[in-house]
Amino acid sequence: MVDAGDFAWKSAGLPSVRLPQQRRKAELQLAAFAKGGIDALAPGDGDLALGPTWLQDAARVAGVPLVLANVRCEGSAPFAPAAVVERGGVKSVIAGVMAERSRMPEGCVVGRPAPALQSVLDAVGPVDLVIVLSHQDPQDDAALASAIPAADIFVNAGSGASLSQPRALPGAAVQLAAGSRGKKLGVATITLRGDAEGFETEGARQALAARLDRMRARLATARAQVDAAGDGGKKKRAERRVAHFSDEVGRLEAELEVVLASGTQPRNAISTVLRGLTDAVADDPEVAAMLEAAKVEIDAAARTAARTAIGTDEAQGRQPEAGAEPAAAYAGSQACAGCHPGPMAQWKPTPHATAWSSLVEVNRQMDLDCWTCHATGAGQLGGPQHPTEVTPELAGVGCESCHGAGAAHARSPMEHGLVGKPGLDVCTACHDGEQDGGRFDPETYVPAVVHTGP
């Protein structure tokens, strides 16, 4: 089992108020990785935001091998460049690389991936399989595969891409990717064939050619729609589809060219399956117990950090804006009830009204990754800046979550208007396809919250 990074945090920047909680979460994740028998983990730039030394120490305690070949901090390598694993008579080297343009913590620098990977291979000598845990853009994997022909499999986590089938790279290498936020587990089945070199996916040429034909047909349809659309928004939407399908056609043509260039030389076989880690997958009892214990400490870490940072811009990692709303700009939904009884009656039985209590039920209300989508005005100017500031009036996704801060409107309705018809962007700030598991469908969801009555 391997992982290619950003398991603990999503970017190179991490507000200090969040550091204690994210470190406790990382300890939990590392313990779970160790229980699963992970062979190597390549930290991403988001993971390094927790502190390279702290991360290495935490991984050592958990028993998780961290590998990163092209990063140096304070003049030395904080992580092993690679791990060598022998299993079933197959000797594999698993190396980690990071994109050269990655943002690094102070004192750390990123070197070129190709020389670093070549140094790993020179040091370990002959192996049966070379696996690269890549925290870089997918196209950079292609360049690295061209530079280092010995590389076989690239497990990519630099872009959040999700590949249902291996993608062909130069030199008969392949690229795998299982998406982001730990929502999927990629399972690869590898068959090594005698003196074969490189990899191929069974039926890859035929499948790629068929996908290319379908994409070309969609591109032709989109171009026809542009010609027929005239001016205005309809034409712009058709032009965006043309641009999207043109990019896809170019990508598929390049991938098919790589596959065809591999010729008829015997190749090893690889196939993959992405398994969704949904509620249908039973929790491991031991890991579930570890999670419940960690929740108590995560809660405590958030409350402790709040005592020093609450009410400051650092709490949300943002800068104050000119003309900022005053504190207590949000009044709570009950302040709306007197003038808007119909909308209030419609809102009360919806999941929005109980969004905060749904966190409390699972002891996640102090989770700084969750709370802002479950409280009114959370993280907004004039609203609560930390979960400890959420009052009973602001618990849940209330009227002001969509229509804007309403304290001034409640005092003087004619002088201070609100947003009458919020745009879809208000919804997708939380229903973004990632946090909600891709369940948000505007045609189904929006009518369920559209108000009736005054």
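Is Lys 234 exposed or buried, and at what relative accessibility? At 57% relative accessibility, Lys 234 counts as exposed, where exposed means over 50% relative accessible area, buried under 20%, and partly exposed in between (1.4 Å probe, protein chains only). The structure is a predicted model, in which local features need pLDDT of at least 70 and side-chain atom pairs count only at pLDDT 80 or more, while totals for chains, interfaces and linings use all residues. Residues are numbered from 1 along each chain as its sequence is written, and side-chain values use heavy atoms, with hydrogens and water left out.

The chain has 454 residues, of which 38% count as buried. Its C-alpha trace spans about 80 × 60 × 45 Å along the principal axes. The secondary structure comes to 14 helices and 13 strands; helices (H or I, at least four residues) and strands (E, at least two) are DSSP runs, numbered from the N terminus.

Lys 234 lies in helix H7, residues 233–261. Together with Lys 236, Arg 237, Arg 240 and Arg 241, Lys 234 belongs to a patch of positive charge on the surface. Patches are made of residues with over 30% relative accessible area and no salt bridge, like charges being joined within 9 Å and nonpolar side chains (Val, Leu, Ile, Met, Phe, Trp, Tyr) within 5 Å. Lys and Arg count as positive and Asp and Glu as negative, whereas His and the chain ends are not counted. The place of a charge is taken as NZ of Lys, CZ of Arg, CG of Asp or CD of Glu.

A nonpolar surface patch is formed by Leu 185, Val 187, Val 273, Leu 277 and Val 281, with about 360 Å² of accessible area together. Accessible areas come from the Shrake-Rupley method with a 1.4 Å probe; for residues, only the protein chains shown count as cover. Val 187 is partly exposed, with a relative accessible area of 31%, and lies in strand E11, residues 184–191.

Strand E11 belongs to an open sheet of three strands with the order E11-E13-E12 and mixed pairing. E11 and strand E12 (199–200) stand at the edges with a single partner strand each, so one side of each lacks a neighbour in the sheet. Two strands pair if DSSP finds at least two bridges between them. E11 pairs with strand E13 (residues 268–276) in the antiparallel sense over eight bridges, and Thr 272 in E13 is the bridge partner of Ala 188.

The structure holds 15 salt bridges, a salt bridge being a side-chain nitrogen of Lys or Arg within 4 Å of a carboxyl oxygen of Asp or Glu. In one of them, the closest N and O atoms of Lys 25 and Asp 369 are 2.6 Å apart. This pair links distant parts of the chain, 344 residues apart, with Lys 25 in helix H1 and Asp 369 in the loop between helix H10 (355–361) and helix H11 (399–403). Lys 25 is buried at 12% relative accessible area, whereas Asp 369 is partly exposed at 32%. Asp 367 and Arg 364 also meet in a salt bridge (2.9 Å, N to O). Arg 18, Lys 25, Arg 364, Asp 367 and Asp 369 are linked in a network of salt bridges.

Asp 6 has a positive phi of about 60 degrees although it is not a glycine, and Asp 6 is partly exposed at 25% relative accessibility.
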